[in-house]
Amino acid sequence: MLDLFTIFTKGGIVLWCFRSTNQLFAPSVNALIKSVILQERSGVYDHDGLSLQYKLDNEFELVFVVAFQKILQLSYIDKFLSDVHLEFRDRYKNDLRVDNRNYGADFEFGADFRRILERAEKWGRQQATMPKQMRSYEDSAKSKKTVASMIERKGEEKPPAGAGSGSKKSVKIAEKKKAVSELLADSDGMEAPRSPRSNGGPPELGEDLIMESRKKFAEKMKGGSGGGGKGSKLEKQKSPKSPQQPQKGKQMRVWDLGGNTKDLPNLDRSKDRPEDVKSDFTPNDQIIGSMRGGIRDLDVESDSEEDDEDEDEEEEEYEEQQQQRGGKKPSASSRGGMFSMFKGLVGSKNLTRDDMQPALDKLRDHLIGKNVASDIAQKLCDSVAGKLEGRVIGTFDTIATTVRNTLTEALVQILSPKRRVDILRDCLEAKRAGRPFVMSFCGVNGVGKSTNLAKICFWLIENNLSVLIAACDTFRAGAVEQLRTHMRHLNALHPAERHGGRSMVQLYEKGYGKDAAGIAMEAIRYANDSKIDVVLIDTAGRMQDNEPLMRALAKLIKVNEPDLVLFVGEALVGNEAVDQLVKFNQALADYSSSERPHIIDGIVLTKFDTIDDKVGAAISMTYITGQPIVFVGTGQTYTDLKALNAKAVVHALMK
């Protein structure tokens, strides 16, 4: 069932290969190396109808790759890869050692390969036919829990699972309950004697506070019954009542226009009137000229070395405070940064997946807490595990540093664009060719498509490029009026007098309820005839599961063939961002009648200033499609448009 199995070094030397067909597998393996192995990703990779999986051997620097048809569901592939990996390295370890490599040796591995394959296929058939047995209640962790084990108190160690009623913890709880009952029964309200410790030593830390709280609780319970209750009632009767405020009824709202029929023409804003052209908008001259040239990157707060120093200082200070208080020395996982959890791993041996699993679980939870999608976080942890598995680490700090560097390299590669993204250069090339450069914006409802379209428009006119906005959102009420307002504000910032009488921003709209694809086509034709440099197509927001609307979007892109299709997504969402992007991309491919459908070319990440350091949505979006984040929206003004800085995002993610 396997089409290909090959073993090669990280330098590209093929040691052994198995092929069941004469198909050319070099393009698929090269694509796997470029898109998965070099980017330190994990999982199954699909290419030209083939599914490819790989396994790394970091000790001998080997790569094991298996390929099979995509339509097959082979459950034994992971086990098969591990078995072949162990068999091959154990048999030829003397020839594969770094100090005595002999790649010219004869690697006769065919008989062993067939034997392992037959054993793995047999195991897969058994797993498919074997019914899954449910775990009994006695085998579960829940059966070992008791009431005492589930009670946690500050400053006390958590009891081991299965602690019975005769444990010291349960005895201490019973003594405290008995003391409270004695205080409640004491009628004279005197302080109960302090019970000494069982071993005759000094009182426990915080016992004075506990006894004081018990006394207050007993006085409160005593005052709520008997004579104390009557006194409290008399005091309540003597207390003066505050005068009642007269209740105000709902006030009728006064409108600027009286609502008469003669005022209806003034309320109609669907058409331009001469008095509307004179906007009350006062342009801010300070922002003019601030966005000439390329988009500026996001600022980096501090580098990783400063963070390491801060973490070390915090750890030393925390340990000194604990020692002064006589407390227990904190563990590595309870202090420091995200990578301190790896300091507990034992060095001077080959790291295994079992050794790293507890730390990888904490790393996965940390990434999910930073808004990374759960499946993406799991794949990143698998990538880190594959990079470290089999390595020999000398010291504890080296492990944390290695994990940091491994994850940093993987995240930077994910966020780095796989192709050149230079919109200004592309616009100038289209202008020299005598045609407009067309960009289309799509996304779900309320993510900020129109607002960020206006920011991009301001950036383009700052670089002396005229823009035509195509109002293709013919569904949402107020969508055309919103773009018209942006057009007036942008023209006020860059009036035609400063550009030789040329209007820098124009709006092409045909009202509501019209075909969006037809409006976009007419707008592009108008821009071509009027020698306008750039066309920005604003589309209606739509949910990714709405098939009719997704078909309409695919039609708009198929008919007009824009130069750039940008997906606008929020930085606030985690798993939802992945679902939106995947389904938008898939819909553009499925509902297009073209043999080579035009899918999403880039991402606009909005509301980036509202998430603090939870920047995981950027990782999730770029990991799924591999498309770059072209623009990042960071505020409410026209200048709040940035380019993604991979270092800044990774720095915030790893804090």
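This is a predicted model: local features need pLDDT of at least 70, side-chain atom pairs count only at pLDDT 80 or more; totals for chains, interfaces and linings use all residues.
Trainee: What makes the pairing of Arg89 with Glu59 a salt bridge?

Mentor: The closest N and O atoms of Arg89 and Glu59 are 2.6 Å apart, and because the rule asks for a side-chain nitrogen of Lys or Arg within 4 Å of a carboxyl oxygen of Asp or Glu, the pair qualifies. The two residues come from distant parts of the chain, with Arg89 in helix α2 and Glu59 in the loop between β4 and β5, 30 residues apart.

Trainee: Why is Arg89 called buried, and why is Glu59 called partly exposed?

Mentor: Arg89 has a relative accessibility of 16%, and since buried means under 20%, the label buried follows. Glu59 has a relative accessible area of 24%, which falls between the 20% and 50% limits, so Glu59 is partly exposed.

Trainee: How do you know that Glu429 and Arg425 form a salt bridge, and where do they lie?

Mentor: Their side chains meet at 3.4 Å, N to O, and because the limit is 4 Å, the pair is counted. Both residues lie in helix α15 (residues 423–432), four residues apart, which is about one turn of the helix. Glu429, at 36% relative accessibility, counts as partly exposed, and Arg425, at 44%, also counts as partly exposed.

Trainee: What makes Lys607 and Glu570 a pair that ties parts of the chain together?

Mentor: The closest N and O atoms of Lys607 and Glu570 are 2.4 Å apart, and they form a salt bridge. Lys607 lies in the loop between β13 and α21 while Glu570 lies in strand β12, so the pair ties together parts that are 37 residues apart in sequence. Lys607 is partly exposed at 28% relative accessibility, whereas Glu570, at 16%, is buried.

Trainee: Why is Ser466 called buried?

Mentor: Ser466 has a relative accessible area of 2%, and because the cut-off for buried is under 20%, the label applies. Ser466 sits in the loop between α16 and β9, and, leaving aside neighbours within four places in sequence, its contacts include Arg502, Met504, Lys531 and Asp533.

Trainee: How do you know which stretches of the model have a pLDDT below 50?

Mentor: The protein averages a pLDDT of 77, and 69% of the residues score at least 70. Over residues 187–205, however, the pLDDT is below 50, and this stretch has 14 contacts in the model beyond near neighbours in sequence. Over residues 325–335 the pLDDT likewise stays under 50, and the model has 17 contacts for them beyond four places in sequence.

How values were computed. Residues are numbered from 1 along each chain as its sequence is written. Side-chain values use heavy atoms; hydrogens and water are left out. Buried means under 20% relative accessible area, exposed over 50%, partly exposed in between (1.4 Å probe, protein chains only). Contact means heavy atoms within 4.5 Å. pLDDT is the predictor's confidence in each residue, from 0 to 100.
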